[in-house]
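Please read it alongside the structure shown below.

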Amino acid sequence: MQASSLRVLPRLLLAIILLGLGARVLFMVVGVAAYYHSPDLFCLNGDSSSYTQSFENLWRVGRYTFDLQVPEASFGRLPGYPFFYGVHRLVFGAALAPVATAWSQLLLDTAAIWLVFGILSRMAPAVRWAPYLGAFLYATYPFVMVWVPVIGTESLSTDLTLLWFYLLLGWRPTLAYSLGTGVLVAANLFVREYMGSLLPITLLWVVVKAMPQGWPLAWRHAALVAAGFGVLYIGWPVRNYVLAHRLMLLKPQAAGYINQTPDVDEFYKWVHCWDANENPWLDSVLIGQGPVHFPESACSTPAEAAQAQTLVLLARHCGSGFYAVRGSQPADSVYRRYRTDNCNAAISTGFQQLRQQFAAEHPWRYWFDVPVQNLRKAFFKSRLVPPQALYPHAPPRSAGLLGLIFGYRTALLLLGWVGLFASLRRYPALWLVLAVSGFQYVYICFFYRGLEMRYLLQADALLILPAALWLGRGLAQVRNWRPGALASSTAN
């Protein structure tokens, strides 16, 4: 692929971009109502208000926080997405800001189709069809599309990750390039915090690329990347320390949500010792009245089983996080219980003890059972089952259509992972895909454990690249095949 093909869009690429644009517009105009049951052209989910209110409170009362009654909420959302939303709030006003934000995300994600084409053109210029296949796969990938109208970080972070990849493939040892790359990594961190993993990956890439010109140059540009990152990032921990006299590098564990206090958090962590899906157990605690019938594998002794039931009773009666999760309680009573009238410490300590006992008694199961369940879910998920306690009125979605969409995702993921490992030696830039996607899959499935498919969106988008490369090479072999030629082309 010649460089001129990037300067002048080929007609086929233009057609693919227009297809992606049309599909995104169609989903926003028609699909949002059908899929999210939203009356607007955008979708507000459970996280949206924390992003929008963070900026609204800063603009109206001068406090960057999404909940004026919860001190930790002032650290709960990193400033990337709230300020992205805030630009639209200032330009279009409060009423039009959500829909304007969604339209901006649509345009950015359409531009990302060109980024995918550009990445594959830089990575494998000899594989003629790979850039077009990658652009087409991204343009029509439903799990990218469904996040475009959502007021949340998923779509924006995916686009920033693709821009990061594109810039790294064209990296040059210049001051502007190195500083700018560091700033971009910090911006992505501010949008979605675990994308901070891009920083060590970037530093290693810059050192490897610059090393042929000497170690001093390599370390100098690695330092410039770190400086660019620090220039943007450092304001956040400094602001947190000045306001609260605490060193808060990112955000607190509960992110300032009153329904994610330690009582609920430790309950989730205990459940994730033996089950990847916490939702039915949360429903049993919040909706049920009697004992919760945990599986026998959850408790090794009668004493542990009795402790679990005692903690369930406490959660129902004085756990502020469980009380807030119900969602139907008066606001003043929720905040009163959050501040003082709770037994969160006893609940969180009790579930923490159960978790530690489980890990000590069943180390193999602790480290592999649920992570393997998560990996199976990550690859082969086929339906959506929202927790009844959190979404009691959630409308049903078409199981057949979702099964078809999830099946397509599974096929594309498997193709991406197989293509990745099959092509690593031929295309060293794919190590970037392995580093980012591998980190996200391992961290979410093995350590965080509360898997939601949106947490893997950036990884899944990057896996389109090796999938397109593998398909492109296969297509080239088929087109060039003739009797006796296949073996020689493979050898070359």
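Helix H5 and helix H8 cross in a left-handed sense (left-handed means that the near helix is turned anticlockwise from the far one by less than a right angle, right-handed that it is turned clockwise). The model is a predicted one, in which local features need pLDDT of at least 70 and side-chain atom pairs count only at pLDDT 80 or more, while totals for chains, interfaces and linings use all residues. Residues are numbered from 1 along each chain as its sequence is written, and side-chain values use heavy atoms, with hydrogens and water left out.

**H5 and H8**

- H5 spans residues 97-123 and H8 spans residues 154-169; they pack at an angle of about 25°, with their axes 9 Å apart.
- Axes are lines fitted to C-alpha atoms, for helices over the stretch in contact, and angles run from 0 to 180 degrees between N-to-C directions.
- Helices (H or I, at least four residues) are DSSP runs, numbered from the N terminus.
- H5 and H8 are therefore roughly parallel to each other (angles under 35 degrees count as roughly parallel, over 145 as roughly antiparallel, 65 to 115 as roughly perpendicular and the rest as oblique).
- On the H5 side, the residues that meet H8 are Gln105, Leu108, Asp109, Ala112, Trp114, Leu115, Val116, Gly118, Ile119, Arg122 and Met123. Their partners in H8 are Ser155, Leu156, Asp159, Leu162, Leu163, Phe165, Tyr166 and Leu169. Contact here means heavy atoms within 4.5 Å.
- The contact of H5 with H8 comprises 13 nonpolar, three polar and three charged residues (Ala, Val, Leu, Ile, Met, Phe, Trp, Tyr, Cys and Pro count as nonpolar, Asp, Glu, Lys and Arg as charged, and the others, Gly among them, as polar).

**H9 and H11**

- The axes of H9 and H11 lie 7 Å apart, and the helices pack at an angle of about 45°. H9 and H11 are therefore oblique to each other.
- H9 passes H11 in a right-handed crossing. H9 contributes residues including Leu175, Leu179, Gly182, Ala186 and Phe190 to the contact, and H11 contributes residues including Leu224, Ala227, Gly228 and Tyr233.
- By class, 14 nonpolar and four polar residues make up the contact of H9 with H11, with no charged residues.
- Leu179 lies in H9. With a relative accessible area of 27%, Leu179 is partly exposed (buried means under 20% relative accessible area, exposed over 50%, partly exposed in between, with a 1.4 Å probe and protein chains only).
- Not counting residues up to four places away in sequence, Leu179 touches Leu224, Ala227 and Gly228. The C-alpha atoms of Leu179 and Ala227 are separated by 6.7 Å, although the two are 48 residues apart along the chain.

- In H12 (residues 235-244), the buried residues are Trp236, Pro237, Arg239 and Asn240. They cover an arc of only 160° around the axis, which puts them on the same side of H12; the arc is that of the directions from the helix axis to the C-beta atoms.
- H9 (175-191) and H11 (215-233) are among the elements that cover the buried residues of H12.
- Most residues other than glycine have a negative phi.
- His245 sits in the loop between H12 and H13 (262-271) and counts as exposed at 63% relative accessibility.
- Ala255, also not a glycine, has a positive phi of about 60°. Ala255 is placed in the loop between H12 and H13 and counts as buried at 5% relative accessibility.

- The axes of H19 (residues 363-380) and H21 (residues 430-448) come within 8 Å and cross at roughly 135°. H19 and H21 are therefore oblique to each other, and H19 passes H21 in a right-handed crossing.
- Trp367, Pro371, Asn374, Leu375, Ala378 and Phe379 of H19 make the contact with Tyr441, Ile444, Cys445, Phe446 and Phe447 of H21. These residues divide into 10 nonpolar, one polar and no charged.
- Arg409 is found in H20 (residues 399-423) and, at 2% relative accessibility, counts as buried.
- Leaving aside neighbours within four places in sequence, Arg409 is in contact with Tyr141, Phe143, Ala378, Phe379, Tyr441, Met453, Leu456 and Asp460.

Technical notes
Helix = DSSP H or I, 4+ residues; strand = E, 2+ residues; numbered from the N terminus.
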